[in-house]
Amino acid sequence: MKLRTALLGAACAFAFAPAAFAERGADGHVNVLYWQAPSTLNPYLSSGTKDVETSSLVLEGLGGFNEKGEVIARLAEQVPTVENGGVSADLTSITWKLKPGLLWSDGTPVTSKDAKFTYDYCTHPDGGCAQASRFEGIASIETPDDLTVKITFTGPKPNPYQAFVGGTSPIIQAAQFANCLGAAASTCTDQNFMPIGTGPFRVTEFKTNDTVSLEANPNYRDPAKPAFATMTVKGGGDAEAAARAVMQTGEFDYAWNTQINPELQAQMATGGKGVFVNGFGTLVERIEMNMTDPDPALAEGERSTVKHPHPVLSDIKVRQALSMAIDRQLLVDVGYGTAGRPTCNLVPAPENFASPNTDCIPQQMDAAKALLEEAGWKDSDGDGIRDKDGKKLHILFQSSTNPVRQDFQALIKDWWTELGVDVELKNIDASVFFGGDAGSPDTFQKFYADVEMYANNFDGTDPEPYLAQYLCNKIPGPDNQWQGENINRYCDPAYDALVAEMATTADMAKRGELAKKMNEMLTKDSYVVVPLVDRGRLSAASVTLGGVVLNTWDTEMWNAQDWFRIK
Amino acid sequence: MLTYTLRRLLLAIPTLFLISLVLFFLVDFAPGSPLSDIPLTVPPEVRQKILEAMGYNEPPQVRYLLWLKQFFWVEPLNGFDALFGSHYAEGMQRIISYQTRGPVFQLIGERIPQTLKVIGTAYLVGVLIAVPIGIYSAYRQYSWFDQLGTMLAMIGFSVPTFFSGTLLIIVFSVYLGWFPTKYDTTLQVTDWASFLKQVRQMTLPVMTLGLANAAAISRYMRSSMLENMGQDYVRTARAKGMSERTVVLKHVLRNSMIPVVTVIALGIPSIFGGAIITENLFGVNGIGSALIGAIHGNDLPMVQTLAFIFAILIVLFNLIADVLYSLLDPRIRYD
């Protein structure tokens, strides 16, 4: 009897040992700073990064991405693949199995009906769902039982991990949002600000654009997590103030997107209270060449349209010379420091899709000059500006208003002037430049300039939709209210054929090859897109905060359940 | 007096109507789109859908009339419901922010307390510092105290708050570590410890703004005192053998306060307007930071509503200042 009690006691002691080390809520409070404060916690009503990332503390999808860009299971038992039978052999359907026994933070069970409801919610025609593209190409969603979600696509889908994967398409609770479909979406203030979720935390108070107060979700599936009992996500201020609050005063444990200039980065790093964490995703700062003529003398509706090819930039030698004159490493040192690296690729990652091309990295001023000579651009009147057939080599270079972009513009102007090009700079307020207003002449889509600079990336790990932006039929113009995504007005039937081929190719190695080929067609083979800097994410974490792994493929809060206090 | 006040109130109605018209369309026709902040990864078709759901594609005049109805009918009804627990406004569309997709007035309600607390305290502190400095500077004109006061006022005038605020942060938070740099809006004052915490987090923003406020008001106070010091009634008072204390603080001060009170009253709407830079710098997140955030995000309903509320406050406080004026100076009669 005694022995048995003792053995039982010992067994119990062992069983409880892990819990003693890691117990839910044992580490008290954690302070997180999103200087662009969250406006809502419903990612289906806002695609702002700040909103998506904060809501991912509460809402989760069936799967997510890890820091390497691999798909991981969250609410699902495992990631469905063709090998394990989860994805049908013809790639037209995917079947997810929920982990059994999952509970919402209000204690009710999570079922496949919730996933089906989420799909209905986001695809409702009057809802204006911000993540509608995640559910594109879905024919139907079936729920044969409470744990099974079967998604059938309209055709073969080589990348089926779109819906319900990652922070941008989590599952919301059907019971909570039942009355919020369609036009009613924005009347559901309480639901949008305090969604019931399955994530490691639940909301206790939401102050719009200011503070989100959270506490550990009592029904989180791992009883030992999260280590923090409460969390505050505070907003306001700017990137510099945010970095200071972690790195110098130590008031906050984690600050999102502390993108500050390299000089300040070095200065703040000496504070000793925090460290900068960085990671690289797919965001590339680039110069886009306009293949059509933006001449203001042309009639409105014909300017920057395919009717008139660009008189200067249509020549690949000019485009190549402009690219060769740029010292990308210097741009990185001036603008981004550790949070950037020079790149020649439009698709810099993931590895499978990234071309190894590094030809553009060294600046080649002399070769660039030679190329322009070869193209017939010579300085015949000795004023330092090249000309051809009596026309000066003049370029209008526009970008959005932003200190780093203006630094870049000034540096690039210097290099191009050295090359013998007359450069005119223009910067446009970001709200107009990226606003997409068809009535404004200054949007990046209208492209009433010769070259323009901005950054773009793609969602998740699959570049297919991103590369498909360069199709001939996606050229912006007056007929589509200037809404196309093919900003350069690039058009090559061979490229269109590759896009079509990729849409039906499932083999990852083959997809990688195709992506690399398309990337090179746009960059080093044609210099239509001139990539400059691969921009990473830079965030700041306190030295006392453990478990931080910066993930550029999903939200930065993706593993907040694993965060702990270093004692 | 009463008829005057009533007349002014009635006159305010067409004024405000005109202001609302100009404000709404000025903001509406400004370039920019509420979608400029969302990532480029969102495709054009989805963008169009979002705009439709916001009601952005309706013609401006339709949106204006809807907004007027919401502002003067739906929102007051909602306020009534919230106060008395009735359900008159149920099902009516409130003014919805593009950014948060939530009611604009809910956000204003969240923001008002910290704005009033921080900006209001700063204003009060500014007045309390400025009035004695102004009085003594005028009484001892060109003394070293006056010179020092003038210098401080010049600094307060000319140094922008984004500089003085950052300087205070670096000195008092980074080097000395005495005060937090981020204001905690969720802090509830329940006991002595939380009260001290509240005082500590308010110190830096209040100092930053107080200095700027004190600078302006102390100059008004000083010049108004100087004007009165040389008047005949002051000489008479002195000749009657009254103490300096009585002369300065009773006779001169009362008369000098008249223009200063007007200036102080006219400054009160700016408390509600918040302080855009200081609020952003210290994370106070009051009305000022809501306004600037809304402007950045092209959140038209929010900007229009906030700007119109400021207009109402300014019209109202102009009236209050006029009424106060006649109360302080019985010689002024409006009737």
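This is a predicted model: local features need pLDDT of at least 70, side-chain atom pairs count only at pLDDT 80 or more; totals for chains, interfaces and linings use all residues.
**Entry 1. Chain B overall**

I began with the make-up of chain B. I counted twelve helices and zero strands in chain B. From the N terminus on, the order of elements therefore reads α-α-α-α-α-α-α-α-α-α-α-α. The C-alpha trace of chain B spans about 85 × 60 × 40 Å along its principal axes. I noted that 35% of the 335 residues of chain B count as buried. I then took the contacts in chain B between residues at least 6 apart in sequence, and 69% of these join residues at least 24 apart.

I looked up B:I264 next and found it in helix α9 of chain B, residues 244-273. Is B:I264 buried or exposed? I put B:I264 down as buried because 21 other C-beta atoms lie within 10 Å, and the cut-off for buried is 20 or more. Leaving aside neighbours within four places in sequence, I found B:I264 in contact with B:V127 and B:I217. I also checked B:I264 against B:Y123: they are 141 residues apart in sequence, and their C-alpha atoms are 9.0 Å apart in space.

I then turned to the helices themselves. Two packed helices are described by the angle between their axes and the distance between the axes. The axes of α4(B), residues 104-139, and α9(B) come within 11 Å and cross at roughly 155°. I recorded the two helices as roughly antiparallel, because angles over 145 degrees count as such. The crossing of α4(B) and α9(B) is right-handed. On the α4(B) side, I listed B:T115, B:L116, B:I119, B:G120, B:Y123, B:V127, B:I135 and B:Y139 in the contact. On the α9(B) side, I listed B:V248, B:L253, B:I264, B:G267, B:I271 and B:F272. By class, the residues of this contact are eleven nonpolar, three polar and no charged.

I took α2(B), residues 44-54, and found B:V46, B:I50, B:A53 and B:M54 buried. Seen down the axis of α2(B), these buried residues fall within an arc of 100°, so I noted that they line one face of the helix. After α2(B) comes B:G55, which has a positive phi near 85°.

I repeated the exercise on α9(A), residues 328-335. The buried residues of α9(A) are A:R328, A:L331, A:V332 and A:G335. Down the axis of α9(A) these also fall within an arc of 100°, so they line one face of the helix. I found that the buried residues of α9(A) pack against β12 (340-342), α11 (403-419) and β18 (529-542) of chain A. A:G337 follows α9(A) and has a positive phi near 60°.

**Entry 2. Where chain A touches chain B**

How many residues does each chain give to the contact? I noted 48 residues from chain A and 46 residues from chain B. On the side of chain A, the elements that each supply at least two residues are α5 (189-193), β7 (201-207), β8 (211-216), β9 (230-235), α6 (239-247) and α12 (430-433). By class, the side of chain A that touches chain B has ten nonpolar, 28 polar and ten charged residues.

I also looked up B:G283, which sits in the loop between α10 (276-282) and α11 (287-296) of chain B. B:G283 counts as buried because it has 29 C-beta neighbours inside 10 Å. Not counting residues up to four places away in sequence, B:G283 touches A:K234, A:G236, A:G237, B:K182 and B:Y183. I checked B:G283 against B:L306: the two are 23 residues apart in sequence and 19 Å apart in space, C-alpha to C-alpha.

**Entry 3. Backbone points in chain A**

Most residues other than glycine have a negative phi, and most peptide bonds are trans. I looked for exceptions in chain A.

- The peptide bond from A:K225 to A:P226 is cis, with omega near -5°, and A:P226 lies in the loop between β8 and β9.
- The peptide bond from A:A349 to A:P350 is cis, with omega near -10°, and A:P350 is in the loop between β12 and α10 (365-374).
- A:L91 is not a glycine but has a positive phi of about 65°. I found A:L91 in the loop between β3 (71-73) and β4 (93-97), and it counts as partly exposed with 18 C-beta neighbours inside 10 Å.
- A:Y527 is not a glycine either, and has a positive phi of about 55°. A:Y527 lies in the loop between α15 (508-522) and β18 and is buried, with 21 other C-beta atoms within 10 Å.

Key
Residues are numbered from 1 along each chain as its sequence is written. Chains are lettered from A and ligands numbered from 1 in the order in which they are written. Helices (H or I, at least four residues) and strands (E, at least two) are DSSP runs, numbered from the N terminus. A residue is buried if 20 or more other C-beta atoms lie within 10 Å of its own, exposed if 12 or fewer, and partly exposed in between; C-beta atoms are placed from the backbone. Two residues are in contact if their C-beta atoms, placed from the backbone, lie within 7 Å. Axes are lines fitted to C-alpha atoms, for helices over the stretch in contact, and angles run from 0 to 180 degrees between N-to-C directions. Angles under 35 degrees count as roughly parallel, over 145 as roughly antiparallel, 65 to 115 as roughly perpendicular and the rest as oblique. A crossing is left-handed if the near helix is turned anticlockwise from the far one by less than a right angle, and right-handed if clockwise. Ala, Val, Leu, Ile, Met, Phe, Trp, Tyr, Cys and Pro count as nonpolar, Asp, Glu, Lys and Arg as charged, and the others, Gly among them, as polar. The arc is that of the directions from the helix axis to the C-beta atoms.
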